[in-house]
Amino acid sequence: MTQLILFTEIENETCILLAQRINPSKNFYLKLNGPGGKAIHEKNENIDVCVIRECFEEAEIVLRNEKLLKIFEETCYSTEEWKAESCLQKEASHIVTLAIYIHPLEEPPKHTEPHNLGPWNLYKIEELLKHRNELIPILEKNIELIDIKIKTYEQDILELPINAQKLEEIKIKMGKQPQRTRETFNFFNDIELEIPEGEVPEIVDEQFPILALNFGKLSSFEIQTLIKYKKKIQELIRPLRRIEHKIQTIEKSYKGFKYLSIFDKTERKIIAQKFGENPTILELSEDNTIPHRFQNTIFEFEIHKSSTNKLTYLKLRLSKDQTQINGTTNGKQTWEFFHKNYSKLPLI
């Protein structure tokens, strides 16, 4: 798992680029994070390539290898595949590696994943140190380290084994950076576009992974081909994104009626707004009227499990047969039974 901190200075204050996680079905809902995500281990993707790819996908910002600096890496045993739930080795089902990178912000980000992330904004580190609980855990835990590493970035990056010409280029860029503003970041403006766009050849999909692994070594000509490739991809996915948005709207409406079916149709939207689309029995029981209402009600139920046999969801439906049951009955039980045995499982 990778996290990228894109930083700059505005009025002599260090600021970093973050967005709010707005998808309630994903971990760390409403927390702030930078570009980043999961390495594709099926393709043997390493974490360096992962952070470059994720940054391009989530903000359409191209990173330069020689400016990318890893400041933190930690591997821990976990009970979840894509979340570092630290535990003892004997309890673990996965091993998760977390990494934090920093890189100067050199172009404005684009809001490419509105279904998962809110708009990108610059936040003062000084304020984040006071309100660290707004950050996802890996950033909350390491915000002081991030602050220190940004302040020593120029020294750290110059110690990397890169050639003298690149060193001089970084010195020049770092010297100019404090005077830049958020609106002026666009490293494409520094590229001499010597060839008319119509004459730039198109690359095929198979060529992109090769170029993606060499961002720090691309020529102006190669970057021009990437820009043209990006425009082609954007044109292809634009109608798909509109369809995706419509599907998500329909899906959300569907979930509201299907997942909360133990309530009357007129109540489902109210319950979803108050407790979320997949509340637990424990959360619903905080409203005393709900367990009272379902007292002695019989539900048909299913317990859903993950591939590792971990309990994940509780599926509840009102039973058509409300005959009183005694003891354990396969597939049928009462609210009191679920509160005692499965109170923390999300309902579907």
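User: Buried means under 20% relative accessible area, exposed over 50%, and partly exposed in between (1.4 Å probe, protein chains only). Is Ala99 buried or exposed?

Analyst: This is a predicted model, in which local features need pLDDT of at least 70, side-chain atom pairs count only at pLDDT 80 or more, and totals for chains, interfaces and linings use all residues. Residues are numbered from 1 along each chain as its sequence is written, and side-chain values use heavy atoms, with hydrogens and water left out. Ala99 lies in strand S7, where strands (E, at least two residues) and helices (H or I, at least four) are DSSP runs numbered from the N terminus. Because its relative accessibility is 0%, Ala99 counts as buried.

User: What distance separates the C-alpha atoms of Ala99 and Ile71?

Analyst: Beyond four places in sequence, Ala99 touches residues including Lys70 and Phe72, contact meaning heavy atoms within 4.5 Å. Ala99 and Ile71 are 28 residues apart along the chain, and their C-alpha atoms are separated by 7.7 Å.

User: Which side chain makes a polar contact of 2.7 Å with the side chain of Glu45?

Analyst: Glu45 lies in the loop between strand S4 (36–37) and helix H1 (47–59), and at 15% relative accessibility it counts as buried. A polar contact is a pair of N or O atoms within 3.5 Å; within protein, one must be able to donate a hydrogen and the other to accept it, and residues adjacent in sequence count only if both atoms are side-chain atoms. The Glu45 side chain reaches the backbone nitrogen of Ile40 at 2.8 Å. Its polar contact of 2.7 Å is with the side chain of Arg53.

User: What is the phi of Asn12, which is not a glycine?

Analyst: Asn12 lies in the loop between S1 and S2 and is exposed, with a relative accessible area of 71%. Its phi is positive, at about 65°.

User: Is Glu60 buried or exposed?

Analyst: Glu60 is placed in the loop between H1 and S5. Its phi is also positive, near 55°, in a residue other than glycine. Since its relative accessibility is 10%, Glu60 counts as buried.
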